[in-house]
Amino acid sequence: MSETESRVNGNIKTGKMSVKPVSLKEAEGSCKETRCGFGSYSPHCLQKFNNPKALLFFLSCFCALQGFVVNGINNVNTTSLERRFELPSSRVGSISSAYDVSAAILGIIISYFGSGKNKPRMVALACIVMSLGSLIMALPHFTTGLYEYGQNVDEACRDPGAAALTDSSCSPDEENQLQRYLYVFLLGQTLHGIGGTTLYIVGVALIDDSVPSSASPLYVGIMYAFATLGPALGYVVGGQLLDLYVDFDQVDSVSITPEDPRWVGAWWVGFASACVLFLVVSIPLFGYGKELPTAQHVRETRVTETHTDETSEKAVKELGKSLKDMPRSFWILVKNPAFLFITLAGTFEGFSTSGMATFLPKLIQNQFGTSAAWAAILGGLVAVPGAAGGQFIGGIICKKWKLKVKGMLRLNVIVCILALLLDVVVWIRCDLEDIAGVNVGYGQGDELSSLVSPCNSNCSCTTALYEPVCSDHKIQYFSPCHAGCSGKAQADGTFTNCTCVAASSFNLSHPSLPSVRKGKCNSDCFKMYIFLPILLLSIFFRFIEGPPSVAVTLRCIHDSQRTFALGIQWFIVRLLGTVPGPIFFGIIIDNTCLVWQEKCREKASCWIYDNLALSRNFFVILVCVKFLAAIMFILAYKFYNPPAVEKVPHVTLTIPSSDKENGTRGDNSSSSDSTEDASSATVTTF
């Protein structure tokens with residue numbers, strides 16, 4: 001028997017199969033399109049980066065930067081953008097949703113035509129688009145004037161006539177001018193969406209094309225770990241930047257501190273920095289060829305786990321040549337129950353995760369009374385080990401246990417239930433300070449319906465500016481004006497002659513002086529240190545699902561539809577999940593507002609929230625959505641139909657000694673990943 005006759009899909013001896021490896025030099029010489037370089041310049045030194053690990057490094061850097069900007073800096077700046085541009089939470093939530101709208105709509109087109117194209121080139125162009133989007137996000141800082149936090153406004157009790165004269169100068173058009181910058185942010189996030197959807201559709205498919213099936217979840221898990229490391233860095237770095245005053249490049253000093261509710265930090269610096277970094281990362285990505293040298297070998301040795309139905313692989317491969325084939329391709333995916341239910345599970349997960357990520361710093365800030373900068377840093381410290389660790393561990397579990405589709409779905413059900421139980425963490429909160437006119441009365445018998453009381457009714461106080469002051473008996477007032485203070489602020493930040501403080505002092509055994517000091521009343525609540533560790537565990541189990549879910553999606557559909565399937569999946573997840581998620585969370589946050597900022601008789605941003613209502617609303621949404629996600633994972637497990645495994649009869653071959661030597665050399669030189677894939681393949685007898 002000749003050597004050729006003794007090989008079927010590899011060298012066969014005594015019923016066992018091994019795959020003849022393809023060396024890197026052979027792969028490079030077979031096609032110039034797989035070489036690493038820039039145009040005709042492709043020296044041998046650059047080929048050291050022409051492998052899956054190097055590609056994974058550059059894609060991971062891209063993922064980290066994308067997460068840094070979209071899910072890190074953008075979310076950290078939520079409160080700052082509300083203050084600087086006078087926007088309510090629901091409208092700020094639409095900024096995050098703009099990313100998902102553009103990603104969902106354009107993702108289908110990109111994925112449908114991206115299957116046979118130059119994937120590294122598409123990812124590099126996506127990096128350029130992300131850079132442009134970051135530039136646009138930073139532009140409003142350079143086109144607006146200096147931030148006015150009320151430094152020229154007297155917050156003490158004012159004469160009604162003077163107050164009326166001041167209020168009459170209010171121009172609605174002038175006041176709403178800042179709110180129009182919302183559309184600039186929407187444009188920037190739209191460009192971010194185009195770049196991000198290309199990364200997570202084409203980039204993931206590129207990695208999956210280049211490595212064996214057993215290693216793919218680990219590679220994807222590392223990518224996703226960096227994708228969650230990016231937001232964590234965004235929270236930490238963005239939090240530090242928020243300690244810088246927004247106009248630090250134009251103003252030397254200001255009279256307020258980061259603890260002041262009116263403070264706005266340097267929100268724009270993160271976007272400007274990311275603009276440059278995206279350009280740097282795009283350079284090595286432009287150097288890759290159409291595919292890696294390992295891609296052809298992976299295609300030849302991969303074992304199918306496609307969901308079994310009446311659709312043939314040949315019929316699927318004929319699709320994708322024109323837009324006319326898109327409806328039929330879409331219908332084939334929708335008929336796949338494993339793909340459909342795993343996508344719906346991702347939709348519910350995306351709904352809660354996007355909303356929670358957008359407003360997590362705001363939740364920490366309001367529930368525990370921290371500054372915006374410290375809340376952002378704490379959110380990042382929780383997100384680093386939680387989200388990134390969960391993604392990485394999810395990939396490790398799939399790799400070490402060699403989980404197939406059924407095993408990965410079982411894993412997702414377990415961690416989904418654990419995350420659901422840990423969502424009770426949102427009930428942990430500090431009590432709201434005693435604020436006169438909000439949750440306590442100004443005096444005996446006073447109602448809580450308004451900040452206006454007989455003791456300050458002649459002061460013409462407004463809620464345009466929030467300057468909290470605290471009395472000696474730990475009652476907080478919205479401003480010196482609402483405390484009825486007629487005296488000017490002293491050097492130590494004390495206001496005197498406060499009629500509302502004098503009116504309430506009769507309730508105390510030791511009456512206090514009618515004065516208040518600037519700042520909130522100090523709180524001795526330490527519940528935040530219980531909240532953060534439990535939140536970390538909740539995030540950890542929530543993000544373990546990522547790599548198995550992607551692997552299930554890629555394994556349960558036909559190979560020729562993988563890129564398109566990711567595009568359809570992201571379209572559904574974004575359209576029904578991550579787009580409405582931040583908007584819906586913003587609406588329920590606005591519904592818990594107790595005191596609004598009002599300018600020209602219109603509501604702008606919220607100053608004070610109801611902590612109890614905020615916890616209740618978050619808990620109901622998180623638990624309901626997580627329960628539905630668990631149901632979808634269970635249905636995917638139940639309806640997935642793996643391909644039948646053929647029983648291979650024992651075959652004994654008589655191989656000449658020369659062929660045995662060749663076969664032995666082939667066995668010894670086989671890579672571990674290739675042998676692992678090939679060992680589970682079905683051998684056709686002959």
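**Exercise 1. Asp208 and Arg555**

Task: In this predicted model, find how the side chains of Asp208 and Arg555 meet, and which helices they belong to.

Solution: 
- Step 1. Asp208 and Arg555 form a salt bridge through their side chains, with 3.1 Å from N to O.
- Step 2. Asp208 sits in helix H8 and Arg555 in helix H19, so the bridge ties together parts 347 residues apart in sequence.
- Step 3. Asp208 and Arg555 are both buried.

**Exercise 2. Asp100 and Arg574**

Task: How many residues apart in sequence are the parts that Asp100 and Arg574 tie together?

Solution: 
- Step 1. Start with the bond. The closest N and O atoms of the Asp100–Arg574 salt bridge are 3.5 Å apart.
- Step 2. Asp100 belongs to helix H4, and Arg574 to helix H20, which spans residues 562-578; the pair therefore ties together parts 474 residues apart.
- Step 3. Both Asp100 and Arg574 are buried.

**Exercise 3. Lys119 and Asp209**

Task: Are Lys119 and Asp209 buried or exposed?

Solution: 
- Step 1. Find the link. The side chains of Lys119 and Asp209 make a salt bridge of 2.6 Å, N to O.
- Step 2. Locate the ends. Lys119 is in helix H5 and Asp209 in helix H8, 90 residues apart, so distant parts of the chain are linked.
- Step 3. Apply the cut-off: buried means under 20% relative accessible area. Lys119 has 5%, so Lys119 is buried. Asp209 has 16%, so Asp209 is buried too.

**Exercise 4. The largest nonpolar core**

Solution: 
- Step 1. The largest nonpolar core has 67 residues, and Phe62 and Trp267 have the most contacts inside it.
- Step 2. List the suppliers. Helices H2, H3, H4, H5, H8, H9, H10 and H19 each give at least two residues of this core.
- Step 3. H2 gives the largest share, 12 residues.
- Step 4. Look around Phe62. Beyond its neighbours within four places in sequence, Phe62 is in contact with residues including Val123, Met130, Leu199, Phe278 and Leu285.
- Step 5. Another core, of 40 residues, lies apart from the largest one; among its residues are Ala376, Ala383, Phe618 and Leu622.

Notes: Residues are numbered from 1 along each chain as its sequence is written. This is a predicted model: local features need pLDDT of at least 70, side-chain atom pairs count only at pLDDT 80 or more; totals for chains, interfaces and linings use all residues. Side-chain values use heavy atoms; hydrogens and water are left out. A nonpolar core is a set of buried Ala, Val, Leu, Ile, Met, Phe, Trp, Tyr and Cys residues joined through side-chain atoms within 4.5 Å. Buried means under 20% relative accessible area, exposed over 50%, partly exposed in between (1.4 Å probe, protein chains only). Helices (H or I, at least four residues) and strands (E, at least two) are DSSP runs, numbered from the N terminus. Contact means heavy atoms within 4.5 Å. A salt bridge is a side-chain nitrogen of Lys or Arg within 4 Å of a carboxyl oxygen of Asp or Glu.
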